[in-house]
Amino acid sequence: MIRIIKHAAITAIAASVIVSAQANASAEYTLRFSHFFPEVSGPSKGLFQKWAEAVEAESNGRIDVQMYPSSTLAKPPAQYDAVKNSIADVSVSVQGYTANRFPLTQIVELPGVSQGAAQGSCIVQSLYDEGLISNEYSQTKPLFLFTHGPGGIHTTEKEIKVPKDLEGLRIRRPTAVVAKLLEGLGAQPVGMPAPDSYQSTQRGVIDGVALPWEGQYTFRLNELTQYHTDVGGLYTLAFIMTINKSFYNRLPADLKKVIDHNSGMAWSKKAATVFDDLDEKGRAQAIEMGHNITVIEGGAENPLWKPVLYQATEDYLNELQQKGLPAYKVYARAVELSQSACK
């Protein structure tokens, strides 16, 4: 009986491999999709894989999407260049992982601009669609932009209630913009991509991380950080899914339409839903684990936090403006969107 079951299993696997091989053989184009999230993570399964399935289905199998999760093709800061240089055909990048490259896009990171992934994604995609930040993406063809939810502060041994509590603490920061916020609050920012945060926290290289609840859940940081501080509107990180221009231009018109159909605001909203849902899971997990969660009344508008956070905002906008970039125009539009179309 055992042999029969084993034989049946082997036959099923072999059949699956044959079907897969036949599907790949019938594809006219193979699209290599690279990202840094774990293969089993919510963003990977709930967003990137869904996009791949949609493209394969709508192309009737003429486009075969091969997934390369967990930075197997490129390290997190190199994901955008991987597409630009044809190492990958599509990738997901955090713009702020490469400093000074997407400065106007990173305005969405500033305190108070966004309160959640749905709002932030709407804002950053709208800024792109309106042409206010599109010049930053001339080297690839963006598919859609989105953000994660509100970033928080998560520490291993110390509860953070007021900015003074951060003095001297080594806190992982995702981008240079968030580094300025943390420096103003008295922390020592340590730059690293999210996937590197677990090991650095485990080894005591850092005392905590700046991450959204989604990141705590996706990268298992709730296992190591038992103190959490929610400062509503502290920051929100921008992402982009983009495609290699040459790959896109090689496609016939009908397959270009498939890619175009799986681009823009509709997919930005789908991304936001995934990240907002994961924020809920991350927070619920911390509560279930009995962690200490401090919610700052008024968030970024709290009198103890606001002076530092908004000084950092002013400094960032001034810096860009002095370089000849329309920082105040983009910021004003981002705030307007947050109060109207993206409310």
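Accessible areas come from the Shrake-Rupley method with a 1.4 Å probe, and for residues only the protein chains shown count as cover. The model is predicted, so local features need pLDDT of at least 70 and side-chain atom pairs count only at pLDDT 80 or more, while totals for chains, interfaces and linings use all residues. Residues are numbered from 1 along each chain as its sequence is written, and side-chain values use heavy atoms, with hydrogens and water left out.

**Exercise 1. State the accessible surface of the protein chain and the share that belongs to carbon and sulfur atoms.**

Solution. The accessible surface comes to about 15,000 Å². Carbon and sulfur atoms hold 52% of that surface. As for burial (under 20% relative accessible area is buried, over 50% exposed, partly exposed in between; 1.4 Å probe, protein chains only), 51% of the 343 residues of the protein chain count as buried.

**Exercise 2. Describe how strand β9 pairs with β5 and with β11.**

Solution. Two strands pair if DSSP finds at least two bridges between them. Strand β5 (residues 152-155) and strand β9 (residues 227-230) run antiparallel and are joined by 3 bridges. Within this pairing, I153 has T229 of β9 as its bridge partner. Strand β9 and strand β11 (residues 292-295) run parallel, with 4 bridges. There, Y227 stands opposite N292 in β11.

**Exercise 3. Locate Q106 and N100, and decide whether each is buried or exposed.**

Solution. Q106 is in the loop between β3 (90-94) and α4 (117-129). Q106 counts as buried, at 3% relative accessibility. Leaving aside neighbours within four places in sequence, Q106 is in contact (heavy atoms within 4.5 Å) with G96, N100, T175, V177 and Y316. N100 also lies in the loop between β3 and α4, and is exposed, with a relative accessible area of 60%. Most residues other than glycine have a negative phi. N100, although not a glycine, has a positive phi of about 70°.

Methods:
Helix = DSSP H or I, 4+ residues; strand = E, 2+ residues; numbered from the N terminus.
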